Amino acid sequence: MTKFTKDSKLAIIHAYDPTLLSQREYANQMGVTNSQFQYWLKLYEIHGESAFANGYTNYPTSFKLDVLNHMAQFNASLMDTAALFNLSNFSILHSWKRKMETGSLEALEPKKKGRPSMKKDSNSSTKRSVIEGSVEALEERIKQLEMENEYLKKLNTLVRNKGKITKQDKAQAVWELRHKYPVKALVQLAGIPRSTYYNLIKHMNRPDPNADVEAEIHSIYVEHEGRYGYRRIRDELAIRGWKVNHKKVQRLMKKLGLKCLVRMKKYKSYKGTVGKTAPNHLDRQFTTEAPNEKWVTDITEFKMFGEKLYLSPILDLFNGEIITYTLGSRPTYSLVSDMLDAGLKRLPEEHHLLLHSDQGWHYQMKPYRHTLKSRGILQSMSRKGNCYDNAVIESFFGILKSEFLYYNEFENVEHFKEELKKYMEYYNTKRLKTKLKMSPVQYRTHFEKAA
């Protein structure tokens, strides 16, 4: 059989063109079996040119166990498993598997190279007779097989969802079996030095340094009913005296399985030009220096118990506070006019207010425009079909639906209305706003005291 070097294997791989010949035809031309050529291609795909650099074939028993365990755990083929672990030849894996099935761990021990030692052991004949003939030796052998079987089962349980076996996994398996079998025999079976095992166990049994902050993260998450993401939880931790990087919070939340909820689309009230539109005076200038300088409004839709509900709020861009809102079963003009009347009751006589909306038909109506003009309010509208011009209220609707609507279960529409009222109170007075580092009402109160 032809002996192929590293360079000859690479030359064969690089010269292969699947558009000209099939793998079988090309392999025949190159004087190599089809299966061997397929294996070279897999090795090259996974490891590149380095796959053919190592001609090592004397693998330790622990390595063989890892390979066999991986193949059994993921139900992988001989060729795929051998290529993943960069074995010199995939056929040797078949040999390992057969030895393990018909023999034991000792069958996987690598053969010593060279001529056997001629030095005689005076006790060898005695030992051989004891091993082969005594009941005690047979019992020891059964116990050894039981230990091997339990170790492999324990290891398989620990790495079931990981995809790879680490020294920590092996040490953990030994640790859990230490009261049943000798540690010396277990670490030999695991293929790790005893010093490594004890060092890993020493670190494994140390208290988790993140236990306290994880408990605090979980407490914040539960308190806010899963509505906080990692950035807002980071800010809440800072308020409580914890200095934790947002990346660490994100990592710990992932570890704890804590996840913020998703968002959905909004109701669109645009029906073309049915009245008069206003210029975009806001022009995405979403910041303001004081309350009641810039308000934004819009309408969103809820689907509840086979019917639709429409929410129309006013939001102050100064602190993100919901000034007022109305809720109705139909998106009529009164939904918006009642909201506006309630909002104007909170507006001082002396003001410089701008009220921004999209070009929904409600905001084009003559009564709506007249009310704004009579109170000296500058009307502003988004450009047609551009949701980013009113991004803040859009963002609020996303938060409302992810934190409230899709998180809770409601008995009926009346129950939904009661819970919505509670959530609006929570949003204004308690929910931490990332940019402000406090709730909207807390921020407004702080501003008013400072003024």
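## Where α12 meets α14

In this predicted model, V213, E214, I217 and Y221 of helix α12 touch V249, L252, M253, K255 and L256 of helix α14. Sorted by type, the residues of this contact are seven nonpolar and two charged, with no polar ones.

Two packed helices are described by the angle between their axes and the distance between the axes. Here, α12 (residues 211–223) and α14 (residues 246–256) pack at an angle of about 75 degrees, and their axes lie 10 Å apart. An angle from 65 to 115 degrees counts as roughly perpendicular, so that is how α12 and α14 sit relative to each other.

Let's turn to the strands. Strand β2 (residues 300–304) has four of its five residues buried, so the rest of the structure largely encloses this strand. Its partner is strand β3 (residues 307–316): the two pair in the antiparallel sense over five bridges.

T332 belongs to the loop between β4 (322–328) and α15 (333–344). With a relative accessible area of 26%, T332 is partly exposed, since the buried class is kept for values under 20%.

Which residues does T332 contact, leaving aside its neighbours within four places in sequence? They are W361 and H362. For H362, the separation from T332 is 30 residues in sequence and 7.8 Å in space, C-alpha to C-alpha.

Conventions:
Residues are numbered from 1 along each chain as its sequence is written. This is a predicted model: local features need pLDDT of at least 70, side-chain atom pairs count only at pLDDT 80 or more; totals for chains, interfaces and linings use all residues. Side-chain values use heavy atoms; hydrogens and water are left out. Buried means under 20% relative accessible area, exposed over 50%, partly exposed in between (1.4 Å probe, protein chains only). Two strands pair if DSSP finds at least two bridges between them. Axes are lines fitted to C-alpha atoms, for helices over the stretch in contact, and angles run from 0 to 180 degrees between N-to-C directions. Angles under 35 degrees count as roughly parallel, over 145 as roughly antiparallel, 65 to 115 as roughly perpendicular and the rest as oblique. Contact means heavy atoms within 4.5 Å. Ala, Val, Leu, Ile, Met, Phe, Trp, Tyr, Cys and Pro count as nonpolar, Asp, Glu, Lys and Arg as charged, and the others, Gly among them, as polar.
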